[in-house]
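Subject: Structure handover

Dear colleague,

Here is the structure you were waiting for, with notes on what turned up in it. Please read the notes with the model open beside them.

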Amino acid sequence: MFWNEKMERLNGAELEKLQLKRLKWTLTQAGQVGFYRQRLKEVGIRAGDIKTLNDIRKLPFTRKQDLRDGYPFGFLAVPLSKVVRIHTTSGTTGKPTVVGYTRKDLENWADLIARNLTMVGLKEGDVFQNMVNYGMFTGGLGFHYGAEKVGLTVIPSATGNTKRQIEMIHDFGVTAIHCTPSYAMRLAEVAEEIHADLSSLKIGMFGAEPWSDSMRGELERKLGVTAFDSYGISELYGPGVAFECQERDGLHIWHDCYLVEIIDPVTGETLQEGERGELVVTPLVKEAMPLLRYRTGDITMLLSDDCPCGRPQKIARITGRSDDMLVIRGINVFPSQIEHVLLRIPEVGNQFMVYIDRINHLDEMTIEVEFNHDYFSGELADLARIQKKVVKELRDTLELRTTVKLVEPGSLPRFEGKAKRVIDRRGVD
Ligand SMILES: [Zn+2]
């Protein structure tokens with residue numbers, strides 16, 4: 001066995017003891033970082049002041065902006081000579097965030113991925129195609145080394161050339177794939193066009209962007225896989241932080257390596273099980289870059305500890321990011337809710353774009369979606385009927401009036417990496 005399987009199911013007092021020990025270690029490790037020395041001094045906390053897990057609330061939060069401000073190496077707790085790899089996160093705004101890994105960090109990370117892969121039922125003999133970017137993005141190399149650790153036959157196909165990807169799945173008898181859910185949708189679309197046989201596939205692992213249960217149904221039907229949700233962020237190693245087990249009802253977050261809190265994103269107040277808020281994580285075993293109470297920006301909630309698989313600590317699937325959340329005329333809207341509605345309507349496709357404008361001081365949301373040719377006889381009345389239906393369904397779910405434009409199938413952009421479906425054009429008016 002390449003990791004301590006007992007850790008996966010550790011629970012109760014034994015788990016708390018381990019978490020507390022590791023939290024104290026992390027605090028000491030964080031003391032090597034100038035930023036934390038300063039912050040801890042400001043709040044007057046020393047490692048010895050942490051006596052129970054609840055004392056974590058005395059510690060300051062770490063925000064993504066703090067990491068940006070520390071660019072490039074301000075958050076390293078070890079000399080650069082001990083860092084054996086560097087990844088960066090995509091810098092959508094400003095500087096990227098740098099993440100460093102010691103040799104031990106890479107081992108821990110590969111172990112976590114291996115845990116996830118075996119949890120969904122993969123083992124030696126499976127052929128795994130990893131269809132994500134292998135560069136600075138952590139999804140590529142992260143999954144790669146975990147998969148090799150399990151003994152899967154790994155195909156590092158990375159992104160691009162969808163027809164070639166499909167050919168490899170067929171020719172190599174691929175049983176499991178990993179990619180973004182939007183790319184999986186693209187893969188299914190192209191496979192259908194060229195009548196490709198993907199019948200060797202059993203398992204699809206999708207992550208790096210939020211996706212809905214209706215999209216799961218669609219992907220499973222089109223690709224013939226059982227689809228699992230994968231969660232991770234680069235600042236916490238990368239993928240492998242939490243993963244769905246075979247119950248596929250929430251994600252197990254690896255409690256021996258990550259201490260989890262849910263907070264109100266506005267007030268910072270701690271929320272209880274079943275209350276939706278921002279996920280805050282304190283990694284417990286990170287050497288090169290320890291973090292205290294890292295605000296992920298991802299919106300989820302803690303679920304009760306009664307998964308039939310016996311592993312503790314689950315979070316709900318991510319419904320969006322606190323910074324993805326759109327506020328339209330005072331109503332909170334996540335792009336994933338729009339996707340969920342559209343996937344339920346057979347008359348339209350699964351590609352969409354959202355445009356937000358401010359017209360006469362009022363927010364207006366316009367959704368472009370492709371109509372489905374099977375429901376269009378050529379009569380304009382068909383389009384009017386479909387459009388009315390989409391508007392009504394969106395209003396029922398979002399409690400918001402929207403403008404819907406139907407466009408030709410195939411005319412909207414397809415995404416290979418993270419989808420960018422929302423264009424907010426509201427300036428200051
Ligand atoms: Zn489970």
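A residue is called buried here if its relative accessible area is under 20%, exposed if over 50%, and partly exposed in between, with a 1.4 Å probe and protein chains only. The model is predicted, so to speak of local features requires pLDDT of at least 70 and side-chain atom pairs count only at pLDDT 80 or more, while totals for chains, interfaces and linings use all residues. Residues are numbered from 1 along each chain as its sequence is written, and side-chain values use heavy atoms, with hydrogens and water left out.

Overall fold

The protein chain has 11 helices and 21 strands; these are DSSP runs numbered from the N terminus, with helices being H or I of at least four residues and strands E of at least two. Its radius of gyration is 22 Å, close to the 22 Å from the globule rule for 429 residues, so the protein chain is as compact as a globular protein of that length. That radius is taken over C-alpha atoms, and the rule is 2.2 Å times the number of residues to the power 0.38. Along the principal axes, the C-alpha atoms fill a box of roughly 75 × 55 × 40 Å.

Of the 429 residues in the protein chain, 55% are buried. The accessible surface is about 19,000 Å², and carbon and sulfur atoms hold 49% of that; the areas come from the Shrake-Rupley method with a 1.4 Å probe, and for residues only the protein chains shown count as cover. Among contacts in the protein chain with a separation of 6 or more, 66% are between residues 24 or more positions apart. A contact means heavy atoms within 4.5 Å.

The zinc site

Four residues coordinate the zinc ion at 2.1 to 2.3 Å: Cys245 (SG), His252 (NE2), Cys307 (SG) and Cys309 (SG). Donors are N, O and S atoms within 2.8 Å of the metal (3.2 Å for Na, K and Ca); water is not among the atoms, so sites may look incomplete. Along the chain, the spacing of the donors is C-x6-H-x54-C-x1-C. Cysteine 307 and cysteine 309 are both buried.

The arrangement is tetrahedral because the 4 donor atoms subtend angles of 97 to 119 degrees around the zinc ion. Four donors count as tetrahedral if all angles lie between 85 and 135 degrees; four count as square planar and six as octahedral if opposite donors are over 155 degrees apart and all others between 65 and 115, and anything else is irregular. The ideal angle for four tetrahedral donors is 109.5 degrees.

Helix α2 covers residues 12-30, and its 19 residues should span 27 Å at 1.5 Å a residue; the end C-alpha atoms are 26 Å apart, which agrees. The expected span is 1.5 Å times one less than the number of residues. Buried residues of α2 include Leu15, Leu18, Leu23 and Leu27. The buried residues of α2 pack against α1 (5-9), α3 (34-43), β10 (258-263) and β11 (277-283).

Leucine 53 sits in the loop between α3 and α4 (64-69) and counts as buried, at 18% relative accessibility. Apart from residues up to four places away in sequence, leucine 53 touches Glu16, Gln19, Leu20, Leu23 and Leu259. Leucine 53 and glycine 70 are 17 residues apart in sequence, and their C-alpha atoms are 28 Å apart.

Isoleucine 318 is in the loop between β14 (314-315) and β15 (320-321), and is buried at 13% relative accessibility. Isoleucine 318 and methionine 301 are 17 residues apart in sequence, with 8.4 Å between their C-alpha atoms.

Threonine 366 belongs to strand β19 (residues 362-371) and is buried at 14% relative accessibility. Beyond its neighbours within four places in sequence, threonine 366 contacts Met353, Val354, Tyr355, Thr403 and Lys405.

Backbone points

Most residues other than glycine have a negative phi, and most peptide bonds are trans. Tyrosine 71 and proline 72 are joined by a cis peptide bond, with omega about -5 degrees. Asparagine 161 has a positive phi near 45 degrees and is exposed at 52% relative accessibility. Asparagine 360 also has a positive phi, about 50 degrees, and is exposed with a relative accessible area of 71%.

Regards
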